[in-house]
Amino acid sequence: MRLTIVGCSGSYPGPESPASCYLLEADDGDRTWRVLADFGNGALGALHKYVDPLRIDAVLVSHLHADHCLDLCGYYVLRKYHPDGAQPRIPVWGPQGTAERMARAYDLPIDPGMTAEFDFREWSDPVTIGPFTVTPVPVTHPVPAFGLRISADGATVGYTGDTGPCDAVDEVARDADLFLAEASFLEGKDNPPDLHLTGADAGAAAARAGARQLVLTHVPPWHDPELPLAEARAAYDGPVALARAGAVYDL
């Protein structure tokens, strides 16, 4: 399985990266399957650097804040009006209300909204997409939100999405080959509860859960990313890195 960081900026696109979007690729013996975990604002343009956007097999939406889902609007346009013709529907998994949220975001009637382009499905049990198994894990955030465990080729990526500290973070990270954890907050600040993790939170979860490596993501542009990186390294003695747009991890 290969993970490519398409976008990793926290809360809004930054000067060096779009908002959250992660490309995962795996082979099933016949072809390469590709899924996107989140599709935040600014990500669709950057996605063209790494793959033809029409080669995506499914989109996995962790929650419905703009920095994790809004470029589905541009993707709707691309798939509907592409010069090669309207493209087949692809599945979009997300929280309850994803179809309605995206219709409102593009000022479409709720019915049909984007349902001719996307097959919207709600998170519940694990799902299979080609060689991928995706397990949603409810996490703590002001809106319904899910961490995702994405497995293929004998490897697992645990992705927190956005979450405050909670037991579910450890479940997402459990024995992951790569733990992709948000680190939006800094230790020692007056951080709102149940919203985001610090680098220290991410590092502690990686250590408790036995994750094999930790990649910090969703650091807002207003922070020096070296600060959450230092926090994570103090809490976890495994490999730690900052997510950077264009970085590739082969698992």
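The protein chain has 7 helices and 14 strands, where helices (H or I, at least four residues) and strands (E, at least two) are DSSP runs, numbered from the N terminus. Its radius of gyration, taken over C-alpha atoms, is 17 Å, close to the 18 Å that the globule rule gives for 251 residues, so the chain is as compact as a globular protein of that length. The globule rule is 2.2 Å times the number of residues to the power 0.38. This is a predicted model, in which local features need pLDDT of at least 70, side-chain atom pairs count only at pLDDT 80 or more, and totals for chains, interfaces and linings use all residues. Residues are numbered from 1 along each chain as its sequence is written, and side-chain values use heavy atoms, with hydrogens and water left out.

**Size and burial**

- The C-alpha trace spans about 50 × 40 × 35 Å along its principal axes.
- Of the 251 residues, 55% are buried (under 20% relative accessible area; exposed is over 50%, partly exposed in between; 1.4 Å probe, protein chains only).

**Salt bridges**

- Side chains of opposite charge can pair when their charged atoms come close.
- The structure holds 8 salt bridges (a side-chain nitrogen of Lys or Arg within 4 Å of a carboxyl oxygen of Asp or Glu).
- One of them joins the side chains of Asp-250 and Arg-2, at 2.7 Å from N to O.
- This pair links distant parts of the chain, 248 residues apart: Asp-250 is in strand E14 (residues 248-250) and Arg-2 in strand E1 (residues 2-7).
- Asp-250 is exposed at 54% relative accessible area, whereas Arg-2 is partly exposed at 37%.
- In another salt bridge, the closest N and O atoms of Asp-177 and Arg-212 are 3.8 Å apart.
- Asp-177 sits in the loop between helix H5 (167-173) and strand E11 (178-182), and Arg-212 in the loop between helix H6 (199-209) and strand E12 (214-217), 35 residues apart.
- Asp-177 is partly exposed at 22% relative accessibility, and Arg-212 is partly exposed at 48%.

**Negative surface patch**

- Asp-27, Asp-28, Asp-30 and Asp-153 form a negative surface patch (residues with over 30% relative accessible area and no salt bridge, like charges being joined within 9 Å).
- Asp-153 lies in the loop between strand E9 (145-152) and strand E10 (155-159).
- With 48% relative accessibility, Asp-153 counts as partly exposed.

Terms used
Patches are made of residues with over 30% relative accessible area and no salt bridge: like charges are joined within 9 Å, nonpolar side chains (Val, Leu, Ile, Met, Phe, Trp, Tyr) within 5 Å. Accessible areas come from the Shrake-Rupley method with a 1.4 Å probe; for residues, only the protein chains shown count as cover. Lys and Arg count as positive and Asp and Glu as negative; His and the chain ends are not counted. The place of a charge is taken as NZ of Lys, CZ of Arg, CG of Asp or CD of Glu.
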